[in-house]
Amino acid sequence: MKKLIVILLLTFPFYVLAQQGAFQLKGRVFGKDSIALSGVNINLFEEGTNKKLHTVITDEKGSFTISAPSKAVYLSINYLGYIPYRAKPVFEKELIVHLQEQTQLLKEITVSTQRPLIEQQFDRTVMNVDGNMRLGMDATDILKKIPGVVIKNGTEILLENKAVNVMMDGKTVKMSGNDLMNLLSGTSPAMISQIEVIHSPSAKVDAQGAGAVINIKTLKRQTPGYDMNLGLTTGHGWKYPTSQSISAGLTYRSNNDYVYGSYSYGFGKQSQEIEKHTFFQVANQRLDEKQTYKVPYGGHNVRVGWDHYLKNKDVFGVLLTAYHNDRKSNLSQRPTFLLLVLLR
């Protein structure tokens, strides 16, 4: 009796499927070079409604078996790296499917990025000039745009009210005062790659006792070839003309040698007006005085260098610099005049 019950239970599902008109679908899936594919997703959908009925995957021989409730169904076969395949099932015999490998030809992709103008790094502030002439007339104009940097009286560079050591390409500039300002005034933005403001320089940086360092990095060609640049800048302030500069540069690079040279001439006038207004209440009079302080300047700067790159990534280089500047002051006082003021 017990054996009979077990036999009935085992045959009952097949009996139900038979009553519902179910079919057993068998098939095999092959890929490139007729290799059997395992782990292929076999999805059974109902036609018309596209309702998913069953899902199975192929075994190591690429074989699968799936039950279909009726013949109004279709199979969707998907495998990574192959084109999806839709098939009408075969109920009388095994379905053999050969998937077509999916080949996608990618077009050339050009990734272009633009660095931000100012980057705040761990120990320094970096301004990415990249030869942009629109950032200012010269290096002094660009320095004024860096947070915390102030040029006092046109002769002294301060960072948060503290003196700084100016470097160019990692080498200390042995100039100060008017000489340094003339050098910076004659340095065109077309020659500048980056300006680094190092707040707490390490022992590797020759700070010479200064609390911070401003390092001006010049543009250098990274691949073999040559570059040439010509620049002419001029500007006008609120009331008076500011500075003008003429610059030219030439760089050449082979596999291991880099030769560069630049010349610039900056000239102009720094103007300052001082006004005094004195009011005499008893006489109902006001005394107006105006003084104009002009500082004309001009400076020539020449840089010629050669770098030889060794196999161990060391660099042997020679740099020659020359400069000549002329700065004179002229203090003029306009005539004093009286303006009668009537009090009511």
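Trp-306 is partly exposed, with a relative accessible area of 32%; buried means under 20% relative accessible area, exposed over 50%, and partly exposed in between (1.4 Å probe, protein chains only). This is a predicted model, in which local features need pLDDT of at least 70 and side-chain atom pairs count only at pLDDT 80 or more, while totals for chains, interfaces and linings use all residues. Residues are numbered from 1 along each chain as its sequence is written, and side-chain values use heavy atoms, with hydrogens and water left out.

**Whole chain**

- The chain has three helices and 22 strands; helices (H or I, at least four residues) and strands (E, at least two) are DSSP runs, numbered from the N terminus.
- Of the 344 residues in the chain, 34% are buried.
- Among contacts between residues at least 6 apart in sequence, 59% join residues at least 24 apart; contact means heavy atoms within 4.5 Å.
- The accessible surface of the chain is about 22,700 Å², and 56% of that belongs to carbon and sulfur atoms; accessible areas come from the Shrake-Rupley method with a 1.4 Å probe, and for residues only the protein chains shown count as cover.

**Aromatic pairs**

- Rings of Phe, Tyr and Trp (its six-membered ring) pair if their centres lie within 6.5 Å; planes under 30 degrees apart count as stacked, over 60 as edge-to-face and the rest as tilted.
- By this rule there are four aromatic pairs.
- One of them is stacked, because the rings of Phe-45 and Tyr-74 have centres 5.5 Å apart and planes at 15°.
- This pair links distant parts of the chain, with Phe-45 in strand 2 (residues 41-46) and Tyr-74 in strand 5 (residues 73-78), 29 residues apart.
- Phe-45 and Tyr-74 are both buried.
- The pair of Trp-306 and Phe-316 is edge-to-face, because the ring centres are 5.9 Å apart and the planes are at 80°.
- Trp-306 lies in strand 19 (residues 285-309) and Phe-316 in strand 20 (residues 315-327), ten residues apart.
- Phe-316 counts as partly exposed, at 47% relative accessibility.

**Charges over rings**

- The charged end of Arg-86 sits over the ring of Tyr-74, 3.7 Å from its centre; the rule is that NZ of Lys or CZ of Arg is within 6 Å of the ring centre and within 35 degrees of the ring normal.
- Arg-253 lies over the face of Tyr-309, at 4.5 Å from the ring centre.

**Nonpolar surface patch**

- A nonpolar patch on the surface has about 1,200 Å² of accessible area together, and its residues include Tyr-226, Val-259, Tyr-263, Trp-306 and Phe-316.
- Strand 16 (225-236), strand 17, strand 18 (257-280), strand 19 and strand 20 each supply at least two residues of the patch.
- Tyr-263 is in strand 18 and is partly exposed at 35% relative accessibility.

**Thr-251**

- Thr-251 is in strand 17 (residues 241-253) and counts as buried at 13% relative accessibility.
- Leaving out residues up to four places away in sequence, Thr-251 touches several residues, among them Arg-221, Tyr-226 and Val-259.

**Positive phi**

- Most residues other than glycine have a negative phi.
- Asp-130, not a glycine, has a positive phi of about 55°.
- Asp-130 is in the loop between strand 9 (124-128) and helix 2 (139-144), and is partly exposed with a relative accessible area of 40%.

Conventions
Patch = residues over 30% accessible without salt bridge, like charges linked within 9 Å, V, L, I, M, F, W, Y side chains within 5 Å. Salt bridge = Lys/Arg side-chain N within 4 Å of Asp/Glu carboxyl O.
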